[in-house]
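Hello,

Please find the structure below. My notes follow it.

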Amino acid sequence: KVYEDCIKTPGDGLIMFQGMQDHTAESIKSLEGFHRAWVEEAQSLSQHSLTLLRPTLRAAGSELWFSWNRRRKSDAIEKFFAPMADQVVVANWRDNPWFPKELEDERQHDMVHNADQYQHVWEGDFARVTQGAYYAADLVRAREDGRIAHVARDPLMTVRAIWDIGGTGAKADACAIWIQQWVGKDILVLDYYEAVGQPLSAHINWLRSRGYAGCLCILPHDGAQHDRVHDASYEGALKAAEFDVKVIPNQGTGAAKQRINAARRLFPKVWFNEATTEAGREALGHYHEKMDPTRQIGLGPEHDWSSHGSDAFGLGCIAYEEPRRPEKGKPSVTTIAHGSDAGQSWMGM
């Protein structure tokens with residue numbers, strides 16, 4: 001029997017449809033007599049709602065079901081099921097026996113004309129790139145080419161730490177560092193670091209802990225400026241900590257666009273170590289143009305959480321020097337291991 005707010009079934013069963021955002025710690029108690037809860041669109045479920053629901057359905061034999069399209073690793077549902085992979089079922093368009101021709105045509109269209117969103121929309125991957133982001137197509141191509149893989153460090157080549165300098169206040173910009181080696185014509189991206197509000201000593205400790213002590217630190221032009229309080233510069237402090245340092249001169253007006261253009265030009269040479277650069281690649285995938293909503297014109301790069309990692313990446317591309325041809329009989333060596341994977345939509349219980 002179908003009522004306005006519920007469905008009654010034989011055997012005194014009851015089905016109700018409710019939004020979790022409407023519940024409080026008190027109102028959630030009204031669900032204590034239920035034996036099943038199915039949460040649809042669970043990628044939008046907050047940690048607070050998940051915390052309220054879990055202790056409520058605890059009758060013998062009770063079950064919690066969640067279905068969702070993957071969005072970000074930081075979503076509450078992703079964190080909840082991370083240690084319970086055996087309870088997650090992957091379901092996708094390939095598993096639909098009634099998948100119509102109209103949807104297949106749309107999928108094929110997106111594969112060609114919406115490549116930056118295809119993996120997320122159709123293959124259930126995380127939303128790694130923002131539509132219209134500067135490097136969206138480049139990241140998709142890097143994945144397709146197998147350049148997001150296991151990338152080994154070359155013990156004979158210089159390690160470069162490329163910085164975007166942050167501040168030390170709680171609301172300061174993040175400090176971002178890319179670790180790279182330039183081997184032959186390839187740019188090997190080995191590692192990524194980002195921190196907010198930490199002193200320079202914390203960044204130095206991270207470099208040392210990862211085996212990058214004494215590496216060549218490439219700084220933006222403000223790396224040579226002295227702090228007004230401590231009368232010290234990043235350049236001087238890093239040299240005192242026994243790092244080599246190179247400061248890139250100010251590119252002047254249009255510096256951000258110069259970095260973007262340099263990065264786009266060099267992206268086909270870039271290899272990312274998948275396991276240690278995910279946070280940096282997420283920043284690159286989000287970095288996008290700020291738009292005037294009325295006139296629909298670009299106003300330059302949007303300054304947000306993704307800017308710092310993206311600025312550091314672009315600075316490295318500005319600093320990049322095309323390698324000289326090796327001497328005869330001395331070919332260059334590149335140590336790269338290939339591999340790739342793709343996520344899909346998940347359902348868990």
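How many salt bridges are there, taking a side-chain nitrogen of Lys or Arg within 4 Å of a carboxyl oxygen of Asp or Glu? The count comes to 14.

Some ground rules. This is a predicted model, where local features need pLDDT of at least 70, side-chain atom pairs need 80 or more, and totals for chains, interfaces and linings use all residues. Residues are numbered from 1 along each chain as its sequence is written, and side-chain values use heavy atoms, without hydrogens or water.

**Salt bridges**

R259 pairs with D311 at 3.3 Å, N to O. The two sit 52 residues apart, R259 in helix α8 and D311 in helix α10 (residues 307-319), and link distant parts of the chain. Helices here are DSSP runs of H or I, at least four residues, and strands are runs of E, at least two, numbered from the N terminus. R259 is buried at 17% relative accessible area. Buried means under 20%, exposed over 50%, partly exposed in between (1.4 Å probe, protein chains only). D311 is buried too, at 17%.

E104 and R107 meet at 2.9 Å. Both lie in helix α3 (residues 101-113), 3 residues apart, about one turn. E104 is partly exposed at 22%; R107 is buried at 7%.

**Helix α8**

Buried residues in α8 include A255, R259, I260 and L266. The buried residues of α8 fall within an arc of 165° (directions from the helix axis to the C-beta atoms), so they line one face of the helix.

**T277**

T277 lies in the loop between β12 (270-273) and α9 (278-286). T277 is buried, at 0%.

Best wishes
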